[in-house]
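Open the model in a viewer and keep a selection panel at hand.

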Amino acid sequence: MGNKKEWPLWEVFVRSKNGLEHRHFGSLHAADAEMALENARDVYTRRSEGVSIWVVESEHITASNPEHNGELFEPAQDKVYRHPTFYDLPDEVKHM
Amino acid sequence: MDKKDLIQYIETIADNSLILGQRMGELTGHGPTLEVDIACTNISLDLFGQVRSYFQYAAQLSNQEISEDDLAFLRQERAYKNVLLVEQPNRDFAYVIARQFLFDHYHFLFLKHLQNSEDETLAAIAKKSIKEVSYHKRFSSDWIIRLGDGTEESKQKIQTAVDDLWQYTQELFEPNEAEKAAEEKHIGVDIVSLQAEYTQNVGKVLQEATLTQPDLKFFQRGGKKGIHTEHLGYLLSDMQYMQRTYPNMKW
């Protein structure tokens, strides 16, 4: 590609089975959304990993700042009562 | 249909996928971007998968006197029946895409009709392969449009490649003896009848890509009879190297 402008980065989300949610699989470069979908199909679903693909340009994702991890996440660590671990899950409930 | 004739017909079909698969495989690690590199090698693997199905069937018809590896790796150049189009080299990415595009549109129509073959195995292989080839066609057509309707440089490059490769397209629709015999027995596809639809489908994409459809009077032919361009020998020496250096080696 030499001195050409690089294609923008896209994040790829794949739903591996109907009933499951889309999960982040990775990222790739593409010139536009349509190419991003086709590239995602070739790069991430070639071993039949998926039934549906979402792509979103990486610049549209707003990320939390790792420097703020202390105030954002640490206060939750000593509040075990917020975890759903105090009751038994029936076997019939899947994907929890 | 005589088993020997049927094997000849299978070679005529499968050699196109084999040689084009090898050309696309040459791009492994050399594609213009990582994503396109993977896409091209995926296409290569699809084509090799189809070739295996065809050659395993041919081996079975020969009562295992010949193996799939014999067919793929141990024939002489003149025994390969692929059309000249698929053996043309990867001069640049425009040539890779134009060659793929011109073949995919033929391949798709061919498989669509092969699904109705009275030979159940060939019909089953066609049914399985056509989904892969629909995607190949979409991939190459999208790239034709991107490059044609892209920058001035990309347009000039893809137009040059289409103009240059166009001379090999007529051969796709000229049956060799094996194809004529197979069609008479309702095993093979009447490829002559595919040309009108092919020209229309290819024309539609070229138009969307703002490219000019070449207007040629003289075409190159010969591959289906084993008379190839100078490029096939080099491709074969590369492809056959392992099997000739280590005879009977298996994965």
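How many residues does the contact take from chain A and from chain B? Nine residues come from chain A and eight residues from chain B, where two residues are in contact if their C-beta atoms, placed from the backbone, lie within 7 Å. Before selecting them, note that this is a predicted model, in which local features need pLDDT of at least 70, side-chain atom pairs count only at pLDDT 80 or more, and totals for chains, interfaces and linings use all residues. Residues are numbered from 1 along each chain as its sequence is written, and chains are lettered from A and ligands numbered from 1 in the order in which they are written.

**The side of chain A that touches chain B**

Select β2 (23–29) and α1 (33–44) of chain A, the elements that give two or more residues to this side. Helices (H or I, at least four residues) and strands (E, at least two) are DSSP runs, numbered from the N terminus. The largest share, four residues, comes from α1(A). Colour this side of chain A by class: it divides into four nonpolar, two polar and three charged residues. Here Ala, Val, Leu, Ile, Met, Phe, Trp, Tyr, Cys and Pro count as nonpolar, Asp, Glu, Lys and Arg as charged, and the others, Gly among them, as polar.

**Chain A as a whole**

Along the principal axes, the C-alpha atoms of chain A fill a box of roughly 55 × 40 × 15 Å. Of its 96 residues, 14% count as buried; a residue is buried if 20 or more other C-beta atoms lie within 10 Å of its own, exposed if 12 or fewer, and partly exposed in between, with C-beta atoms placed from the backbone.

**The sheet of chain A**

Select the three strands of chain A. They form an open sheet in the order β2-β1-β3, with antiparallel pairing; two strands pair if DSSP finds at least two bridges between them. β2 and β3 of chain A stand at the edges with a single partner strand each, so one side of each has no neighbour in the sheet. The twist averages 30° from one strand to the next, angles running from 0 to 180 degrees between N-to-C directions, with axes as lines fitted to C-alpha atoms, for helices over the stretch in contact.

**Strand β1 of chain A**

Zoom in on β1 (residues 9–15) of chain A. Which of its residues lie on the covered face, and which on the uncovered one? A:W10, A:V12 and A:V14 are on the covered face, while A:L9, A:E11, A:F13 and A:R15 are on the uncovered one. In a regular strand the side chains alternate between the two faces of the sheet.

Six bridges join β1(A) to β2(A). Across them, A:V12 stands opposite A:G26, and A:E11 stands opposite A:S27. Towards β3 (residues 52–57) of chain A there are also six bridges, and A:V14 has A:I53 as its bridge partner.

**A:R15**

Stop at A:R15, in strand β1 of chain A. A:R15 is partly exposed, with 16 other C-beta atoms within 10 Å. Beyond its neighbours within four places in sequence, A:R15 is in contact with A:L20, A:E21, A:H22, A:G50, A:V51 and A:S52.

**Chain B**

Switch to chain B, whose secondary structure comes to eleven helices and zero strands. Its radius of gyration is 18 Å, close to the 18 Å that the globule rule gives for 251 residues, so chain B is as compact as a globular protein of that length. Of the 251 residues of chain B, 42% count as buried.

Finally, select α5 (residues 93–114) and α6 (residues 120–148) of chain B. These helices pack at an angle of about 145°, with their axes 7 Å apart. Their contact has 14 nonpolar, eight polar and three charged residues.

Terms used:
The radius of gyration is taken over C-alpha atoms; the globule rule is 2.2 Å times the number of residues to the power 0.38.
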